[in-house]
There are 2 protein chains.
Amino acid sequence: MLAHTIEEVREKRREWKGLKVGLVPTMGALHEGHLSLIKKAKETCDKVVVSVFVNPIQFGPSEDYDKYPRTLDKDYELCSKEGVDLVFAPSPSEMYGDGGKLSNDTLTYVCPPFFYVNKLCGKTRVGHFDGVCTVVLKLFNIVQPDYGFFGQKDAQQVVIIKKMVKDLNVPIEIVQCPIVREESGLALSSRNKYLSQEGKKDALVLSSILNNIKLCYQKGITDIEALKETAYSFLTDKHEMEYLEILDRNTLEEKSKADNDSIALIACRVEGVRLIDNTYLGER
Amino acid sequence: MLAHTIEEVREKRREWKGLKVGLVPTMGALHEGHLSLIKKAKETCDKVVVSVFVNPIQFGPSEDYDKYPRTLDKDYELCSKEGVDLVFAPSPSEMYGDGGKLSNDTLTYVCPPFFYVNKLCGKTRVGHFDGVCTVVLKLFNIVQPDYGFFGQKDAQQVVIIKKMVKDLNVPIEIVQCPIVREESGLALSSRNKYLSQEGKKDALVLSSILNNIKLCYQKGITDIEALKETAYSFLTDKHEMEYLEILDRNTLEEKSKADNDSIALIACRVEGVRLIDNTYLGER
């Protein structure tokens with residue numbers, strides 16, 4: 001079933017009283033990464049809701065909100081094949097009203113802690129995680145699921161959502177699912193659609209750099225600067241590096257040495273497309 | 001029953017599955033104002049929860065957090081007499097953990113819109129309504145009530161909470177209850193305890209000013225400046241006026257003329273104690 005209004009979802013939710021409900025929040029343009037979340041949800045829950053909403057308030061003014069791929073018909077078909085019980089695809093005005101410009105002058109926001117936000121993607125995407133937390137909490141309140149499914153691909157996002165759930169006592173369990181990759185190693189992303197064939201090859205440096213760091217760590221190198229320096233040999237003038245960090249995977253704190261709780265995270269532009277990837281150093 | 005932990009409340013809430021639950025959030029030091037909320041909740045709901053929590057994050061550094069009256073034994077007794085089913089009195093660390101300083105560097109906050117915050121009490125109490133919304137959403141998520149009961153005494157607070165509930169799609173109905181006054185006209189407040197007998201007399205100017213404005217409005221004066229000017233004759237050197245505003249009661253917008261949707265709001269210090277009061281001009 002496809003729902004466009006909050007009221008339709010609430011009605012469905014009332015029907016499902018007592019059942020275990022899972023929510024997979026997405027911005028659509030579904031790929032195997034999303035499908036892995038949906039499959040996990042289907043395993044765990046009686047009913048699965050997928051939301052498809054390109055959330056305006058998590059995009060900066062110079063970002064790709066207008067250009068972001070919108071493929072609802074195909075998304076709905078994919079969801080139906082996976083046995084999704086409800087696809088919720090609201091309009092921006094259904095989510096935020098018709099009050100004109102969306103800003104913290106007129107809307108209540110959920111603001112995750114600066115410590116988690118002022119680094120990695122949050123450094124360049126100002127306000128992004130406020131927008132993410134706000135829409136995710138709205139979706140949680142609309143769908144009232146028992147479980148929320150998120151991909152590790154957006155590692156900072158998952159840490160921040162888990163922190164929000166803890167800080168605000170949201171009665172929902174967050175399930176984190178591993179990154180899905182092409183055979184080449186490229187992490188799946190809706191933004192890969194922006195890349196040419198050539199660009200997709202250049203984009204392999206992200207996973208290559210991370211794999212190499214993990215390899216070096218597992219060979220015994222724990223000095224963080226040394227691990228990060230191994231990246232340079234991979235980069236060409238096709239790569240505009242935004243960040244490469246090695247942090248604690250749960251708290252995003254800097255560490256003096258890499259250890260089994262470390263995560264390496266990278267953001268890099270290829271053909272102007274901003275790509276991110278990450279890997280846990282302690283995992284085989 | 002008295003609960004100090006979130007887990008106890010969640011357990012009770014599971015027992016109450018399918019019942020209509022009401023929450024009356026308080027900072028304790030309960031008076032007839034609070035009891036009127038509790039009575040309303042008892043009328044409407046199968047089970048009533050009263051939270052008693054002096055919320056550190058809604059007090060500014062120079063405010064009365066340490067001094068705020070704490071009378072849990074008496075509060076619990078009053079609640080029991082009213083047939084309250086659960087009193088939830090958590091410690092600050094139960095609500096916010098033991099992470100040291102509470103700030104938006106380390107905690108997720110709910111931030112109501114600037115438009116609603118940058119006026120009235122929010123002008124001098126910087127961060128106050130962020131703290132209020134954050135704790136109220138936490139309590140909503142812990143208790144998961146069907147109804148939340150709030151007093152009109154804190155008029156800006158109710159407008160902001162209603163806006164939060166709407167903006168974040170919180171599945172809870174907000175019930176607003178009228179101000180309870182002493183026979184003298186003084187609006188009940190836990191902070192009245194700070195006043196001497198003399199101070200209580202001086203504090204009557206708040207309700208006198210508001211009553212007079214309402215009277216003038218009902219006699220036909222709609223010019224807002226003219227209505228506000230009627231206040232001056234009431235003030236002496238015992239009164240340190242903070243604000244007197246006439247706004248739209250639902251949106252807190254300024255209006256060109258007073259009308260039946262107008263609210264007059266006042267904040268004034270007496271003996272250093274900050275007191276607030278308000279009245280709807282259109283109500284008899």
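Start with chain A: its domain assignment gives domain 1 (2-177) and domain 2 (190-280). Such bounds come from an automatic or database domain assignment. The model is predicted: local features need pLDDT of at least 70, side-chain atom pairs count only at pLDDT 80 or more, and totals for chains, interfaces and linings use all residues. Residues are numbered from 1 along each chain as its sequence is written, while chains are lettered from A and ligands numbered from 1 in the order in which they are written.

**Between the domains**

Colour the two domains of chain A. Their C-alpha centres lie 26 Å apart. The contact takes 12 residues from domain 1 and 12 residues from domain 2 of chain A. Contact here puts two C-beta atoms, placed from the backbone, within 7 Å.

On the domain 1 side, select helix H6 (120-124) and H8 of chain A; each supplies at least two residues. Helices (H or I, at least four residues) and strands (E, at least two) are DSSP runs, numbered from the N terminus.

**Across to chain B**

Now show both chains. Chain A puts 25 residues into their contact, and chain B 26 residues. On the chain A side, select strand S5 (109-111), helix H5 (114-117), helix H7 (128-143) and helix H8 (155-167), the elements that give two or more residues. H7(A) gives the most, with four residues.

**The paired strands**

Zoom in on S5(A) and strand S5 (residues 109-111) of chain B. Three bridges join them, and they run antiparallel. Strands pair if DSSP finds at least two bridges between them. Finish at A:Tyr109, whose bridge partner in S5(B) is B:Cys111.
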